[in-house]
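Notes below, in the order I looked things up.

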Amino acid sequence: MILKEISLHTKRCLYCDMPLQENARKKYCDLICRKKYNQELRTLIDEQAKDIRGVLKRNRRILKKLYEQIKQEPFVDKNSLEELGFQFKYVTHTQIIKGHTACYCYDYGYFLSEDGRYLIIGVDER
Ligand SMILES: [Zn+2]
């Protein structure tokens, strides 16, 4: 039990998990482990960024489609947006228009209106 606790506190290489010398300031066994760790981290970050771009593009497509379909009365409820696959936590930017915060996915966006529905806004309204 004591051995196990000690081993849990042993400093280990971030890449291969081999124990490192106590008091060593290193995070990796050697330059190879450091290089591999950083490569894998970069790949992971690139993949996540690619996934997020995919979500943002899908959000934009949904907003654009709704905007074009319902231009006269461009209000939708939250469920309708979510059923189409819209993910609210991904937006490219926000903008204050007439005291209200508009959330955008590139050139299409939305306001949350007072009745809880979403007003879809398009490129020509910025
Ligand atoms: Zn290592």
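**Ground rules.** I am working with a predicted model, where local features need pLDDT of at least 70, side-chain atom pairs count only at pLDDT 80 or more, and totals for chains, interfaces and linings use all residues. I number residues from 1 along each chain as its sequence is written.

**Confidence.** I checked pLDDT first (the predictor's confidence in each residue, from 0 to 100). The mean for the chain is 88, and 90% of its residues reach 70 or more. Where pLDDT is low, the predicted coordinates should not be read in detail, so I moved on.

**Elements.** I take helices (H or I, at least four residues) and strands (E, at least two) as DSSP runs, numbered from the N terminus. The chain has three helices and five strands, running α-α-β-α-β-β-β-β from the N terminus on. For contacts between residues at least 6 apart in sequence, I get 37% joining residues at least 24 apart.

**Sheet.** Strands pair if DSSP finds at least two bridges between them. In what order do the five strands sit? I read β1-β5-β4-β3-β2, an open sheet with antiparallel pairing. β1 (75-76) and β2 (93-97) are the edge strands, each pairing on one side only. α2 packs on this sheet and touches β1, β3, β4 and β5 (118-121). Its direction makes about 75° with that of β4, with axes as lines fitted to C-alpha atoms, for helices over the stretch in contact, and angles running from 0 to 180 degrees between N-to-C directions.

I then went through the bridges. β2 and β3 run antiparallel and are joined by five of them. T94 has C103 of β3 as its bridge partner, and H93 stands opposite Y104 in β3. Two residues lie between the strands of this hairpin, and K98 takes a positive phi near 50°. β3 (residues 100-105) and β4 (residues 108-112) are antiparallel too, with three bridges. Here Y104 has G109 of β4 as its bridge partner, and C105 has Y108. This hairpin also has two residues between its strands, and Y106 in the turn shows a positive phi of about 60°.

**Burial.** My cut-offs: a residue is buried if 20 or more other C-beta atoms lie within 10 Å of its own, exposed if 12 or fewer, and partly exposed in between, with C-beta atoms placed from the backbone. Of the 126 residues, 13% count as buried. Why does β2 lie largely in the open? Of its five residues the number buried is zero, so that settles it.

α2 has 39 residues and reaches 57 Å from first C-alpha to last, close to the 57 Å expected at 1.5 Å a residue (the expected span is 1.5 Å times one less than the number of residues). R34 sits in α2 (residues 31-69), and counts as partly exposed because it has 16 C-beta neighbours inside 10 Å. I also noted L14, which is 20 residues from R34 in sequence and 8.0 Å away in space, C-alpha to C-alpha. The buried residues of α2 are N59, I62, L63, L66 and Y67. Their cover includes β1, α3 (78-83), β3, β4 and β5.

**Core.** A nonpolar core is a set of buried Ala, Val, Leu, Ile, Met, Phe, Trp, Tyr and Cys residues joined through C-beta atoms within 7 Å. The largest one has 13 residues, and L63, L66 and I120 have the most contacts inside it. α2, β4 and β5 each give two or more residues to this core, and α2 gives the most, with four. Leaving aside neighbours within four places in sequence, I find L66 in contact with P74, V76 and I120.

Key. Two residues are in contact if their C-beta atoms, placed from the backbone, lie within 7 Å.
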